Amino acid sequence: MLLIKLAFRNLMRNRRRTLITSAAIVFGMALMHFTICMQHGAYSAMIKTGIGSMAGHVVVQGDGYEASGDTSIVVENAGRVAAKLEEAVSYKGIVLQRSFLGGLLTSADGSSAAMVSAVEPEKDREVGKFHDYLHEGEWLEGSKDILLGVGLAETLDVELGDKLVYMMQVDDEMASKLFRVKGLLRTGAADQDGVMAAISVEAAKELRGGADHSTQVAMILEDFTQWPEALAQGRDGLADENVEVLSWKEALPDMDAFIKLDRNAGQGMLSIMGIIVAMGVFNTFLMSVMERTREFGVLLSIGAKPSQIARLVLLEGVILGVLAIGLGTVVGSLLVWPAAVYGLDFTRWMGEAMTNGGVVMSAKMYCVYNWPRMLAFAMGGFMLTVLASVWPAWKVSKLTPVEAMRHQ
Amino acid sequence: MLFTIAWRNLWRQKRRSLVTSMALALGVAFSMAVICFNDGFYSVMNRVMIEQRLGHVQMHHADYPGRRSMHDTLGDAAARIEALQSNESVGQVTGRLRGQGLIGGDTKAEGGEVIGIVPELENAFTGLSQMVVEGRFLGADSAQEILLGKILAATIDVEVGDSIVVLTQSSDGSMGNNLYTLVGLVSTGNLSVDRYGGYMHLADLQDLLVLEDSLHEITLTAASGQKDEAGELAAGLKAEDGDDVLVRTWEEIDPQVAEMMKMQAFAAGMILFFVLGAAGFVVLNTMLMAVYERTREIGVLMSLGMRPNKVVQLVLTEAFCLSIFSLVIGMSIGGLMDWYLVTQGIQLMEGNLEFMGVVMPGRLYGAVSKSAIVQTVVAGILFSLIAAAWPSWRASRLRPVEAMRQD
């Protein structure tokens, strides 16, 4: 207790220096928390979009589809597989079918290649992402309805209610079907809005000659965290089908790679900043120890043990660490708060949205608190601070009373 | 004189000055490496978005950009291109015709876009022949040849030498189709081309679409090769052409890309600000300590007639010397890191990464520019001086008598 009191007083003896050192730590911590929460927010949004538009927490696809991207590989008897998946997984969630098709859309005025996603209208309205993108008109109902990206509609020069023909190749044969434009989709990312279109799964099955085939059967769980168990159950339940059962990470490899890369880059930057701040802390401790050499000499000569003095210096590091890191965490969390509630708008620099790793990401980002990660990084910062006081403490413990007292 | 004193003062506390300058040097080296990486990233963006796709200035039919209808063409294609080639303020010129259609092999087809080009011109402009990863580039004359994006070729399961069917709506409303020989596969880095695109000789596509001597877009660079001069070039061309031709700079055509390109400088600034800002705190603390422990000494100097503003200068000079010393070390380390990034690159991931429609190679190479180095040097010195401002001001406010009385 006495040691703590002493350490605290020592820190307060040179208030300005302690304050500046703390300010550096607080600055670093606040920036760190902000970066962590911003990344967490961006990744959460990306994952939600990726899962809502082209995957699920558990994804069932025809065997070999993920590796080859071959659109002719499908889940055969998709209805049966979906029912089996629903039965196999004991967690709450929605099982839906999707198909991803290429092909050509032709209107009276022009034609354009398109990336067509076939969805189950009712289920997708609940858990999917396309419904969020509905910009004009109405949501899919029947198998004659098609939704077009706003850019695609412009290229084809069509409006709501207009007819167009969709052509694609199925098993060496050309299949075509007449659709009516029911609504327009808008993600904000020009490259997506220029090629995306959505139809119902029924329509896709009609195009495929009536066979009950879909590109994927996906399960979107109510509670995201249950995915590993759900995946294992899905794999067991569908072992006898000719399918691959993937996690959301495996089904969205580009997105997963992007997130990993971005996270590592952020972590690297934060680590370097941490080291720079720690060097400053180290400098401060070293100075405060050196200028007290005489004082330590006196303490030693009246009977203080070297280890006690070393503990005193370490304790100063611990106290500074706790206070500065604590304050930095508070400041950082407060800084994050408006960005979590009102969001950060990067629209000016990035346009409304962009595609990263194949997933549309809005340029309006919301920070999301990631307490476990923040806590881990705060612990790391604390360790660095204490570490910076280790060498000065060791130096002090090597002092001999006579020499120390002679020191100017 | 001031420099000698400042330099000596710094080394009175060797260890402290060394640790401080190491912190600053680390910040400088790290900033250099990150900026080098950042510039490498943007040079890929620039290559794909500007050198290949947008050029500096593009000309379209006035109605084409909004509707992208195949009927909105620029006529007299050959004459137009010839005229532009002889224009002195124009560097490279290439004309493109775009046709949307189904591109198929024996068994599979995919919707895509075929771009009609004059092979020589397009190659001189974008270096397209260098992007052929299998087979060969288009011949100079039209011979029913086609190049396909590498991913597209895999999707429709075709190989070099196969016959390709292109089915499309022609300008007269009929559905046209024709057979072409696949002579090569391209990997351009532009995802929409690699995944859904193909190139053929302009004359072949004009035949297929029944659009004789027409183009959808003409893409130009400024004679100087500087994209900053796009505005001037566009203004000059606008004056020459009538209202039916829309002349726009790359920034006007794709403002999103333009804003994205501005992020390059913004990102570099942020890195310098945060990393060197952290180092600035270290310098601040060091200089403050240096001033306080020399209170008596400064008192003596002042009582001997040293002016307060000289004291400010002395402290600032110390900070300046410290920053120069740190910069020398930091830039040597940073230079080595840059050299490695530029020559060896860094393997970010196994495959490629898509970003805003641009394929980033898994192994990304850095890029070094003079302006980036200058920025780093200026920022390093500036942050040290800012950090030393307050300590130097404190020092100058000391009163000789009181200062000397302090122990």
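Domain bounds here come from an automatic or database domain assignment. Chain A is divided into two such domains, tabulated below.

| Domain of chain A | Residues |
|---|---|
| Domain 1 | 2-49 + 256-406 |
| Domain 2 | 56-247 |

This is a predicted model: local features need pLDDT of at least 70, side-chain atom pairs count only at pLDDT 80 or more, and totals for chains, interfaces and linings use all residues. Residues are numbered from 1 along each chain as its sequence is written, while chains are lettered from A and ligands numbered from 1 in the order in which they are written.

**Domain contact in chain A**

The centres of domain 1 and domain 2 of chain A, taken over C-alpha atoms, are 48 Å apart. Their contact takes 8 residues from domain 1 of chain A and 6 residues from domain 2 of chain A. Two residues are in contact if their C-beta atoms, placed from the backbone, lie within 7 Å.

On the domain 1 side, strands E14 (353-356) and E15 (359-362) of chain A each supply at least two residues. E14(A) gives the most, with 3 residues. Strands (E, at least two residues) are DSSP runs, numbered from the N terminus. By class, this side has 3 nonpolar, 4 polar and 1 charged residues. Ala, Val, Leu, Ile, Met, Phe, Trp, Tyr, Cys and Pro count as nonpolar, Asp, Glu, Lys and Arg as charged, and the others, Gly among them, as polar.

**Glu113(B)**

Glu113(B) sits in strand E3 (residues 109-117) of chain B. Glu113(B) counts as buried because it has 20 C-beta neighbours inside 10 Å. The cut-offs are 20 or more other C-beta atoms within 10 Å for buried, 12 or fewer for exposed, and partly exposed in between, with C-beta atoms placed from the backbone.

Leaving out residues up to four places away in sequence, Glu113(B) touches Ala113(A), Arg98(B), Gly99(B), Gln100(B), Tyr196(B) and Gly197(B). Tyr196(B) is 83 residues from Glu113(B) along the chain, yet their C-alpha atoms are separated by 6.2 Å.

Technical notes:
Helix = DSSP H or I, 4+ residues; strand = E, 2+ residues; numbered from the N terminus.
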